[in-house]
Amino acid sequence: MANAATDQIGHAADKVADTLTGARTDTSGLMSAVIAYMGDAGSPGRRELYDRARKAGLEAQVTQWENHPTNTPADESVVTRLIPAPVIERFSAETGLSRNATIKGLSDLLPHLSRLDG
């Protein structure tokens, strides 16, 4: 029970911090981290994303994003299925964004995969 209350306080604090710092709208640092992760066509990050997409049945979605980038954000559950938790945590640490703000930012950035070549 104490853990649930602590988690709720932590999530609320993240939301306040994200709002105060503009983290939910400023994804420039996150974009740089994603570009570095995605690299070029044969990079480990890009291969990992494609492998995870194939295993999650999201390969068609990723191909669609590449061929026809959209401004429609990806569902946050898609983000967490495509990007491993340790990578999300690393992006969060690198950018100073909370985990939730990082996932929200990634949901905006992933549909632009074809433009994320480093």
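Mentor: What follows is a close look at helix H3 and its setting in the chain. Please keep in mind from the start that this is a predicted model, and that the secondary structure of the chain comes to seven helices and zero strands, which, read along the sequence, gives the pattern α-α-α-α-α-α-α. Of the 118 residues in the chain, 36% are buried, and among the contacts with a separation of 6 or more, 69% are between residues 24 or more positions apart.

With that background, we can turn to H3 itself, which covers residues 44-56 and so counts 13 residues. From its first C-alpha to its last, H3 reaches 18 Å, close to the 18 Å expected at 1.5 Å a residue. Which residues of H3 are buried? They are Gly45, Arg46, Leu49, Tyr50 and Ala53, and because these buried residues fall within an arc of 135° when H3 is seen down its axis, they line one face of the helix. On the other side of H3 you will find Pro44 and Lys55, and these two are exposed. Just after the helix, Gly57 takes a positive phi of about 75°.

The next helix to consider is H4, made of residues 59-67, whose axis comes within 7 Å of the axis of H3 and crosses that axis at roughly 130°. An angle over 145 degrees would count as roughly antiparallel and one of 65 to 115 as roughly perpendicular, and H3 and H4 are therefore oblique to each other. On the H3 side of their contact are Arg46, Leu49, Tyr50, Ala53 and Arg54, while H4 brings Glu59, Val62 and Glu66. The residues of this contact of H3 with H4 divide into four nonpolar, no polar and four charged. If you set the two descriptions side by side, Arg46, Leu49, Tyr50 and Ala53 are listed among the buried residues of H3, and these four residues also take part in the contact with H4.

Ser92 counts as buried, because its relative accessibility is 11% and the cut-off for buried is under 20%. Leaving aside residues up to four places away in sequence, Ser92 touches Leu97, Ser98, Arg99 and Thr102.

Note on methods
Residues numbered from 1 in each chain as written. Predicted model: local features only at pLDDT ≥ 70, side-chain atom pairs only at ≥ 80, totals over all residues. Heavy atoms only, no water. Expected span 1.5 Å × (residues − 1). Buried < 20%, exposed > 50% of the residue type's maximum accessible area, 1.4 Å probe, protein only. Arc of directions from axis to C-beta. Axes fitted to C-alpha atoms, helices over the stretch in contact; angles between N-to-C directions. Parallel < 35°, antiparallel > 145°, perpendicular 65-115°, else oblique. Contact = heavy atoms within 4.5 Å. Nonpolar A, V, L, I, M, F, W, Y, C, P; charged D, E, K, R; others polar.
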